[in-house]
Amino acid sequence: MQQVFKLAGGTLTNGALPSSLKAGGIHALQLIAVNELFEVAYFTELVKNITTGVSGYKCGRNALESLQAVVAQEQVHVLAANGVLANAKAKTIQPCKYSFPVDNFDDAISLAQTFTEVVLGVLPVAQGLFAADGGEEAGLVPIVGSIIGQEGEQAGYYRSIQNKVASSAPLLTGGAPRFAYTAISQFIIPGSCPNIQAIGLTAFPALTITSTPEAKNSTQQFGIEGGNITESSASIAYISGQNLPVVVSLSNVITNGSMTTFSAAFPYDAGFARGLTLGALVKGSGPFNSSSAVAAATLNGPALIEVD
């Protein structure tokens, strides 16, 4: 482990860990472990593709060394989450097998930026759970805060590599646990997870955005598999920055075989943040006062929308 700590640039906390956890705290830590295990696998494969000369994966020395550090840092995050669970005699999470839909360095960094931003949206939810549970769990709030800072450094670096403004927005887009789990699940090979069911979450069906949003008001095209929806029964809810969710109506709903397509406004000028915006197909038309309320009404999603 000393080599991992050396590459990571630091160690696990040597402070006391909780000896007991409430159910919400357990599930929050298990979701964190699921995500960190995914990130270890993703960046390990990315580094391997670079160091073994896979076509399309050429980068400079600084980028390689930075990514090698990220692999080690994510390994420490896994040890931290599972270590707290083990100390409280709760079920730790084991790794799955994954398939990553990228075949070159640039696309790999773009995807890393997006899923890191998704993680940044859900970690504060875990902090809130630990604070509400109180007791020994309250000591986890600053630890998760330090992970948020570290993941934020990563996100800024990935944006910088792509020649984007390094820090996307003053207040980053929030999220919900089931949205984060859904985002991770798309990379998991079905049946490959030894015990991921322990966290008690299921993935939402996919919501695909088939057009390309820009930093301006526009109309976007979406698609879902199946879909017993009408223009009056469902809407699109957007979560962007720390603003209240924005709900827009559907139009041009067309079902053709097993696919349903529809249009919806993308009201960027309503206060959307640069960087990540989440889109979800929801029952009804809201209004919603939080990302968790959107998640509770979600039929399909989230669509992970990046606008710069």
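**Exercise 1.** Find the bridge partner of Ala237 in β4.

*Solution.* In strand β4, Ala237 has Val247 as its bridge partner. The strands here are DSSP runs (E, at least two residues; helices are H or I, at least four), numbered from the N terminus. The model is predicted, so local features need pLDDT of at least 70, side-chain atom pairs count only at pLDDT 80 or more, and totals for chains, interfaces and linings use all residues. Residues are numbered from 1 along each chain as its sequence is written, and side-chain values use heavy atoms, with hydrogens and water left out.

**Exercise 2.** State how β3 is joined to β4 and to β6.

*Solution.* Two strands pair if DSSP finds at least two bridges between them. Step one: β3 and β4 (residues 246–256) run antiparallel and are joined by four bridges. Step two: seven bridges join β3 to β6 (residues 275–283), again antiparallel. Within β6, Gly279 stands opposite Tyr238.

**Exercise 3.** Decide whether the residues of β3 are buried or exposed.

*Solution.* Buried means under 20% relative accessible area, exposed over 50%, and partly exposed in between (1.4 Å probe, protein chains only). Ala234, Ile236, Tyr238 and Ser240 point one way, Ser235, Ala237 and Ile239 the other, and all are buried. Since seven of the seven residues of β3 (residues 234–240) are buried, the strand is largely enclosed by the rest of the structure.

**Exercise 4.** Which strands stand at the edges of the sheet?

*Solution.* Write out the order of the seven strands in this open sheet: β1-β2-β5-β4-β3-β6-β7, with antiparallel pairing. β1 (208–209) and β7 (298–307) stand at the edges with a single partner strand each, so one side of each lacks a neighbour in the sheet.
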